[in-house]
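Subject: Structure handover

Hello,

I am passing the structure on to you below. My notes on it follow.

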Amino acid sequence: MRLMLRHLRYRPALLIGLAVGLLAAALAAPHLRPITSGLIGWNLGVLAYGVAFVVVVRRSTTEGLARIADLLDEGNWGVLLGTIVAAVASLGAIVVELAQSHGKPHAPYSEALAGGTVLLSWFFIHTIFATHYAHEFWRDAKGLLFPGNDRPDYPEFLYFSFCMAVASQVSDVTTQSAGIRKLVLAHSLVAYLFNTAIIALGVNIAASLAS
């Protein structure tokens, strides 16, 4: 528990997103189905996280990244695994939400909620991977080689992460350690899962609208 609180202390964007998500889900719970209120809470939490993360990126320095990487070394993989599980769970919740609303008057709203959830979860998971790449790099100041920049900041890691998300490769950034390659492998598999889910959801919604 102390380790979790320590991580949240040094991850303000994640803490803000968690607080907003839990509050939104609690407020929606008396009026909506549990799955629906949970998805609303998740989406608003990710939006809050995104806004807070932009602020963090604008204020971050390479010295700060190195200090936080050292502070959050222990249990860092646990945070990554937890966010992956939560994001994948959101995809499962979408399936339930669409099944429960099929053929009902509020089905279009459920489809819009499902679409927003997939896109926000996609953004969230790749942003989390970017922060993990930053922590892994700055823990030892190695693992990735960015041409022309030996002191990469958050935008560099976001570039690497989102290129992996959309293309599963980055031509100009080189991996230089087994640990980073394991992380890239895990990232590639998760990216493939989410990209497939986005295509499947688009086909499902298109078929529903056509019928």
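Are Phe-137 and Trp-138 buried or exposed? Phe-137 is buried, and Trp-138 is buried too; buried means under 20% relative accessible area, exposed over 50% and partly exposed in between, with a 1.4 Å probe and protein chains only.

Before the rest, the conventions. This is a predicted model, in which local features need pLDDT of at least 70 and side-chain atom pairs count only at pLDDT 80 or more, while totals for chains, interfaces and linings use all residues. Residues are numbered from 1 along each chain as its sequence is written, and side-chain values use heavy atoms, with hydrogens and water left out.

Aromatic residues

The whole structure holds 11 aromatic pairs (rings of Phe, Tyr and Trp, the last by its six-membered ring, with centres within 6.5 Å; planes under 30 degrees apart are stacked, over 60 edge-to-face, the rest tilted). One of them joins Phe-137 and Trp-138 edge-to-face, at 5.2 Å centre to centre and 80° between the planes. One aromatic cluster is made up of Trp-42, Tyr-49, Phe-53, Phe-124 and Tyr-154.

Nonpolar core

The largest nonpolar core has 49 residues (buried Ala, Val, Leu, Ile, Met, Phe, Trp, Tyr and Cys joined through side-chain atoms within 4.5 Å). At least two of its residues come from each of the helices H2 (12-28), H3 (34-59), H5 (76-101), H6 (107-140), H7 (154-167) and H8; helices are DSSP runs of H or I, at least four residues long, numbered from the N terminus. H6 gives the largest share, 14 residues. Among the residues with the most contacts inside the core are Phe-129, Tyr-133 and Phe-157. Neighbours within four places in sequence aside, Phe-157 is in contact with residues including Tyr-133, Phe-137, Trp-138 and Leu-144 (contact means heavy atoms within 4.5 Å).

His-187 lies in helix H8, residues 178-210. With a relative accessible area of 0%, His-187 is buried. Residues up to four places away not counted, His-187 touches His-126, Phe-129, Tyr-133, Ser-161 and Met-164.

Glu-97, in helix H5, is also buried, at 2% relative accessible area. Its contacts beyond four places in sequence are Arg-33, Ile-35, Thr-36, Leu-39, Ser-110 and Leu-113.

Record

An unreviewed UniProt entry lists residues 38-57, 77-100, 112-134 and 189-210 as "transmembrane region"; such annotations may be inferred rather than shown by experiment. In the model, residues 77-100 are 100% helix, with end C-alpha atoms 35 Å apart. Residues 112-134 are 100% helix as well, with end C-alpha atoms 33 Å apart.

Regards
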